[in-house]
Amino acid sequence: MRIVDARVVVTCPDRNFVTLKLVTDEGVTGVGDATLNGRELAVASYLTDHVVPALIGRDPARIEDTWQYLYKGAYWRRGPVTMTAIAAVDTALWDIKGKVAGLPVYQLLGGRCRDGVTVYGHASADTTDEVLVDIAGYVERGYRAVRVQTGIPGVAATYGVGRRGPHYEPADSAIPSETVWSTERYLAHIPTVFSRVRDEFGPGLRLLHDVHHRLTPIEAARLGKSLEPYALTWLEDPVPAELQEGYRLIRQHTTTPIAVGEVFNSIWDCQALIREQLIDYIRTTVVHAGGISHLRRIFDLAALHHVRSGSHGATDLSPVCLAAALHVDISIPNFGLQEYMRHTEATDEVFPHTYRFADGYLHPSEAPGLGVDLDEELAAKYPYRPASLPVNRLEDGTVHSW
Ligand code: EZ4
Ligand code: CO
């Protein structure tokens, strides 16, 4: 079997997605997500201009060899654009292999390790009173875990707090919009939110919170300590992780579990965090960390060091990525949680799929391959619209991490 065509499709059914579709001489096709939020066209060009020409004529069965060819062969290793492009190829090849074998991809990965994939939803609101209502909605719908974000009194707009109904979307204008940040107000407020949430929902509901990289290690340590009475399942991205050793300080001071990794793109970004047991959950994903093959490698390293998976699953990761993530989640021994933000109806229509949500779990597709496709005709009706993530500034105007 040979690859005879590779199409890179950019579409915007409520938000931008880049998808790679591989076609073989026997008519079998495979899809891979190649979406990098706010930098979509860079990956599309990387694929179209530099990868696709080398894929034509290759044997799609050679998944690992193709991964090594694209990673080592490029000379320029790692980085979000490169690793997202490699991920798309890898994911599409697993899809093809599953279809050829007549098996869902999770069977090729060793089969089920659990009955369902526990997911967490996003509750967010300006005030604590409102967020309690949002959380109650998730509990009613069967969710067992909820990420809780609120506005901060005295801060105009906080990243991570949805304002437009059930479908949260942080990428808005072509030129980034701007948000303002106050560490002092944030650190004073968040423990009061979790105190009320834990009181209201009792010990059974798993609670999470995302800091979006906005603190220093000692500030994060203080936040972790102040949240200990409310028993969070994880505190996410407390500090930027370019400096992996930064997490040592947090670990010395708090027993609040730490999750990190949604912006990582290779095992090299997290190997020290994992080997030193500085984190509890690794949040790398299929689309941004080199595909199913490389993600499995990261999760296997994590399994040796008591670190569980917690794959990123925001709406900028397409249903193709989510479908692939579920095959990984169901088949690894050290699964933790899967993030799940529902896609809009338009997105779901462009990417027909057979994974399903029930009772707080997502269930991977039982169809051969990934169980997800791209409707290219429908995709063509939604042209690309430039959209960027916002830039975050301190009250005095200094650009700040987020
Ligand atoms: O900021 O997906 O945990 N989820 C998140 C997301 C990310 C976006 C970035 O593209 O932090 O909202
Ligand atoms: Co996050």
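# Ligand 1 and its surroundings

Modeller: Start at the ligand. In this predicted model, Glu-262 has a polar side-chain atom 2.8 Å from an oxygen atom of ligand 1.

Biologist: How much of the accessible area of ligand 1 does the protein cover?

Modeller: The protein covers 94% of it. On its own, ligand 1 has 330 Å² of accessible area.

Biologist: How many residues surround ligand 1, and which are the closest?

Modeller: There are 13 around ligand 1. The closest are Asn-37, Tyr-159, Glu-236, Glu-262 and Asp-316.

Biologist: How do the residues of that shell divide into nonpolar, polar and charged?

Modeller: Seven are charged, three are polar and three are nonpolar.

Biologist: Take Glu-236. Where is its place?

Modeller: Glu-236 is in strand β8, residues 234-236.

Biologist: Is Glu-236 buried or exposed?

Modeller: Buried, because its relative accessibility is 0%. That value takes only the protein chains as cover.

Biologist: What does the side chain of Glu-236 make a polar contact with?

Modeller: The side chain of Trp-234, at 3.1 Å.

Biologist: New topic. Which helix holds Leu-227?

Modeller: Helix α7, residues 217-227. Leu-227 counts as buried because its relative accessibility is 0%.

Biologist: What does Leu-227 touch, not counting residues up to four places away in sequence?

Modeller: Ile-190, Pro-191, Phe-194, Leu-232, Leu-235 and Thr-256. Leu-227 and Ile-190 are 37 residues apart in sequence. Their C-alphas are 8.3 Å apart in space.

Biologist: Where does Thr-256 lie?

Modeller: In the loop between α8 (246-253) and β9 (258-260). Thr-256 is buried, because its relative accessible area is 3%.

Biologist: Which residue has its backbone oxygen 2.7 Å from a polar atom of the Thr-256 side chain?

Modeller: Gly-224. Thr-256 also touches Leu-227, Glu-228, Leu-232 and Leu-235, not counting residues up to four places away in sequence.

Biologist: On to helix α5. How many residues has it, and how far does it reach?

Modeller: α5 covers residues 128-140, so 13 residues. From first C-alpha to last it reaches 18 Å, close to the 18 Å expected at 1.5 Å a residue.

Biologist: Which residues of α5 are buried?

Modeller: Thr-128, Val-131, Leu-132, Ile-135, Gly-137 and Tyr-138.

Biologist: Why would residues three or four places apart point the same way in an α-helix?

Modeller: Because an α-helix has 3.6 residues a turn.

Biologist: What follows α5?

Modeller: Gly-142, with a positive phi near 100 degrees.

Biologist: Which residue other than glycine has a positive phi near 80 degrees?

Modeller: Asp-14. Its place is the loop between β1 (3-11) and β2 (17-24). Asp-14 is partly exposed, because its relative accessible area is 43%.

Biologist: And which one has a positive phi of about 55 degrees although it is not a glycine?

Modeller: Gln-277. Gln-277 sits in the loop between α9 and β10 (281-282). At 37% relative accessibility, it counts as partly exposed.

Biologist: Last one. Where does Val-105 lie, and in which helix?

Modeller: In helix α4, residues 105-108. Val-105 is buried, with a relative accessible area of 0%.

Biologist: What does Val-105 touch, leaving out residues up to four places away in sequence?

Modeller: Trp-94, Asp-95, Ile-292, His-327, Gly-369 and Leu-370. Ala-323 is 218 residues from Val-105 in sequence, and 9.8 Å away in space, C-alpha to C-alpha.

Note on methods. Residues are numbered from 1 along each chain as its sequence is written. Chains are lettered from A and ligands numbered from 1 in the order in which they are written. This is a predicted model: local features need pLDDT of at least 70, side-chain atom pairs count only at pLDDT 80 or more; totals for chains, interfaces and linings use all residues. Side-chain values use heavy atoms; hydrogens and water are left out. Helices (H or I, at least four residues) and strands (E, at least two) are DSSP runs, numbered from the N terminus. The expected span of a helix is 1.5 Å times one less than its number of residues. Buried means under 20% relative accessible area, exposed over 50%, partly exposed in between (1.4 Å probe, protein chains only). A residue is near a molecule or strand if one of its heavy atoms lies within 4 Å of it. A polar contact is a pair of N or O atoms within 3.5 Å; within protein, one must be able to donate a hydrogen and the other to accept it, and residues adjacent in sequence count only if both atoms are side-chain atoms. Accessible areas come from the Shrake-Rupley method with a 1.4 Å probe; for residues, only the protein chains shown count as cover. Ala, Val, Leu, Ile, Met, Phe, Trp, Tyr, Cys and Pro count as nonpolar, Asp, Glu, Lys and Arg as charged, and the others, Gly among them, as polar. Contact means heavy atoms within 4.5 Å.
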